[in-house]
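Hi,

Here is the structure I promised to send over. Have a look at it first, and then read my notes below.

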Amino acid sequence: MSGNNNITRPQHRQLRFQVLRYDPATPAVPPRMQAYQIEEADGMTLFIALNEIREHLDPTLQFDFVCRAGICGSCAMMINGRPRLACRTLVRDLPDEITLAPLPFFELIKDLSVNTGKWMRGMSERLQTWLHTQEGAPEADIRRIEERMEPELAEQIYELDRCLECGCCVAACGTAQMREDFVGAVGFGKVARFRLDPRDSRTDEDFYELIGDDTGVFGCMSLLACHDVCPKSLPLQTQIAFLRRKMAVMGLKGAS
Amino acid sequence: MKTVMTDVLVIGGGLAGLRVAIAARKRGHDAIVLSLVPPKRSHSAAAQGGMQASLANVTKGIGDNEDIHFEDTVRGSDWGADQIVARMFVNTAPKAVRELAAWGIPWSRVRGGDREVIINEQKVMLTERAEAHGLVAQRDFGGTKKWRTCYVSDGTGHAMLFTVSDQAIHHGVTVHERTEALALIHDGERCYGAVVRDLITGELTAYLAKATAITTGGAGRLYRVTTNAVICEGMGHALALETGVAPVGNMEAVQFHPTGIFPAGILVTEGCRGDGGLLRDVNGERFMPHYEPEKKELASRDVVSRRMEEHIRSGNGVPSRFGSHLWLDITLLGRHHIEHNLREVKEICQYFLGIDPCDKWIPVRPAQHYTMGGVRTDHTGQSPWLKGLFAAGEAACWDMHGFNRLGGNSVAETVVAGMIVGEFIADFCDKPENAAPVPLTLAHEFVKREEAKLAAILENNGNESPIRLQMEMQEAMTSHVGIFRQGDALQTGVETLQNLLKRSASMAVSSKSRGANPELVAAYRMRRMLKLALAIAQGAYLRTESRGAHFREDFPQRNDEQWLKRTLAFWPGEDADMPRFEYEALDVMKMELPPGWRGYGAKNYINHPDTERREQEVNAIRAKMEGQSRFAVQEALMPYTHNLPASLTGRNERIDEPLETLK
């Protein structure tokens, strides 16, 4: 027998966390990295790990979790330099040293907590992310049988509708680092979703008004980190490319 | 003192609250929604499987209508529901689905023609009607006679929440994110709004409104293992309870969902079983047909959860270092079905368990899931004890769920109650006499009181930690007030909670920051959670019968003779250590569906003295009216349409029931 069998690996690793701490309410205290060490446990996610740190080591550490099941998008943060949902990140997939930082781009609340909600509401207002009906059209008679839709089309719309507005795509975006007013892949995904929906009365002219400039599709540098980091694996690459083509055509029409 | 004035103050930014606010806005009233988190992060998003509405589009739903949905709901409730409210609900649910369709929800649709499904382990060919092609589809769920649950893959709640939230933006609903109501402002008769804390700055503001609505969802976090989001701590319930005037109803009715993944408690949808998934034990045996030959895996949730725990107790659980569990097997549904209709389930298994449910079984065990109890309201959603205070959704005891809610009836309730209660709130605000005088002095007193409470926590040098007290409370609730209940254990639970309440006076926090301070938040919520926990535990102790999700091993029978009544819990005052209980009798003589056997679970109950008489009456009315329309018969049994807002009284069209023929 090889001697390797006798080597007993410690059952659980000691995880060393480096967490970015900063409270904008006390600007005199500069941002700093704080170290915490905890023991790994079976099935431990960053949700479990961060709560353990808060329960046992530091009750002041601020972070956001809501569903802790990967469906609400509250807990996006930079995990070893990459934006991910913390709640569904298993520590067993990470090295012993884990560095956590808040998502860049969004307004910092404190420590790992950022105000994605405020930015997303602004995005929704700007892109009008609701179904538009013809002006003056009567409201649907909800006593009557609903409008029909092809099952495949409903599924395609849902595919784009799965966006969580977690902010990972914007945090990973090269353009967003340079211009604050960029609508980001989340915004393009919304436009693509309503553009696909035959119940929405908006035309490509209308969508061009919303995203036909450098704060919209023409600001995208096609680096497509958004596509790589999307926790829901939304087809952002194809949707953005498609929108750019459509909007470029609209732009040319406008120029002629 | 900073003040904010509005017409309608909505506390809670999930589906119910947003729909209430939209209703108010559409009627010309201003509305502010307070939300702990951005509304799209609310727990409504976690509803996976779907919402019940009797559209009868799919083949297995043919013949479905409001009557059958009503009966399923009342049976599910174990006759605890308010039957008038259940009627209002089932008549509005189809309208809600259709409104949401018009707002853009990508409901999964019927494909005309043949399709293969799994029913009771068998592959069955179903033929969907050509005339149903493209209409909203329905899937099977527990405790229902027809396939009635409308769905968007298994992300129904997410799709609904995003669409309704965006509609709220469209309608100009103001949302104040990351704010928390600490107390209702009231004078014992009239509610005027709330004292609200900004969770970022810590600032307190008095929000004053004509109408205040509590739409804060459930209280799952009183338990250690729950499917609920971490924000579901029952704080809306506690707001009402702490007034001392407005009671919470039926708090002992707590639902445990059969399939929380083990041990984390994350939900996998009932749609797994609805679509043909099976429960298996340590030997890989399917065991539910042995206990429930009729409905098997698809009996109501309370029944399936109890049978699972019973099976584990008799030594058939799968042992693990965290305790025993059972298996949910969806492998038989096939990869294509799972990847299209159960994709959230697949992701959850992949990320949290590291398994592919197309090939492997999912470890599951029942976990706390739903709070049937809530702020007791009348059919308009208003508290009869505190004028101007409304509640809707899971936070309310409206009361359509009684002692057990059916799967698919909760997201349905959020939007339906939002529509109905929202109209009544608008009516309330329309009345000149409800333009309440602005009670600034009263508001000031309430703000001062909350400031003093916060200061007392920040200055406390005691030796208790809020986080430790919370863990002890969750442990006590899980061990003593769980699925199986028993007098002695409940008493132990109550004493433990009372002791924790006493100890909570010595809670101290390490950071004295008044702004973003998670420990301070845990501390000021702790006492409220304990009061609510006591309402559950003592309510369960006093209710010496078994009904729906409330199961007493020492009193296994449902006892209609003594317990066909709703529990009301009042909090007597800040120094109290126990709620005061009152009971509200349900009138059998007014029921459309008198109490009987549910059709699943134990056939074990003591009749109410009026039951037989009412049954005879009902039968006589049915016999006399034979040949008349189902609407006329229903109206004769239990008139309810006058209780609905006028805009929602219409009939519901179906393929087999054109609107013009519905008289």
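**Two helices in chain B**

Let me start with a helix pair: helix 13 (residues 466–480) of chain B packs against helix 14 (residues 487–503) of chain B at an angle of about 170°, and their axes are 9 Å apart. Since angles over 145 degrees count as roughly antiparallel, helix 13 of chain B is therefore roughly antiparallel to helix 14 of chain B. Keep in mind that this is a predicted model.

On the helix 13 side of chain B, the contact is made by B:Leu469, B:Glu472, B:Met473, B:Ala476, B:Met477 and B:His480. Helix 14 of chain B brings B:Ala489, B:Leu490, B:Thr492, B:Gly493, B:Thr496, B:Leu497, B:Leu500 and B:Arg503. By type, the residues of this contact between helix 13 and helix 14 of chain B split into eight nonpolar, four polar and two charged.

**Where the chains meet**

Next, the interface. In it, 69 residues of chain A are in contact with 81 residues of chain B. Between them the two chains bury about 6100 Å², with 52% of that on carbon and sulfur atoms.

How many salt bridges does the rule find across the interface of chain A and chain B? There are 14, and one to look at is A:Arg162 with B:Glu344, where the closest N and O atoms are 3.3 Å apart. As for polar contacts between chain A and chain B, the count is 44 residue pairs, both residues being at pLDDT 80 or more.

Which elements of chain A give two or more residues to the side that touches chain B? They are helix 1 (46–57), strand 6 (108–110), strand 7 (113–114), helix 2 (116–127), helix 3 (151–161) and helix 6 (184–196). Helix 3 of chain A gives the largest share of that side, eight residues. Sorted by type, the side of chain A that touches chain B has 27 nonpolar, 13 polar and 29 charged residues.

Over all chains, the structure holds 95 salt bridges. One of the pairs is B:Arg75 with B:Glu71, with 3.5 Å between the closest N and O atoms. These two, B:Arg75 and B:Glu71, sit four residues apart in helix 2 of chain B, so about one helical turn separates them.

Two backbone details in chain B are worth a look as well. The peptide bond from B:Phe262 to B:Pro263 is cis, with omega near 0°, and B:Pro263 lies in the loop between strand 13 (254–261) and helix 6 (271–274) of chain B. B:Trp79 has a positive phi of about 65° despite not being a glycine. You will find B:Trp79 in the loop between helix 2 (66–76) and helix 3 (83–102) of chain B.

Cheers

How values were computed
Residues numbered from 1 in each chain as written. Chains lettered and ligands numbered in written order. Predicted model: local features only at pLDDT ≥ 70, side-chain atom pairs only at ≥ 80, totals over all residues. Heavy atoms only, no water. Contact = heavy atoms within 4.5 Å. Buried area = accessible area lost by both parts, 1.4 Å probe. Salt bridge = Lys/Arg side-chain N within 4 Å of Asp/Glu carboxyl O. Polar contact = N/O pair within 3.5 Å; in protein donor to acceptor, adjacent residues only side chain to side chain. Nonpolar A, V, L, I, M, F, W, Y, C, P; charged D, E, K, R; others polar. Axes fitted to C-alpha atoms, helices over the stretch in contact; angles between N-to-C directions. Parallel < 35°, antiparallel > 145°, perpendicular 65-115°, else oblique.
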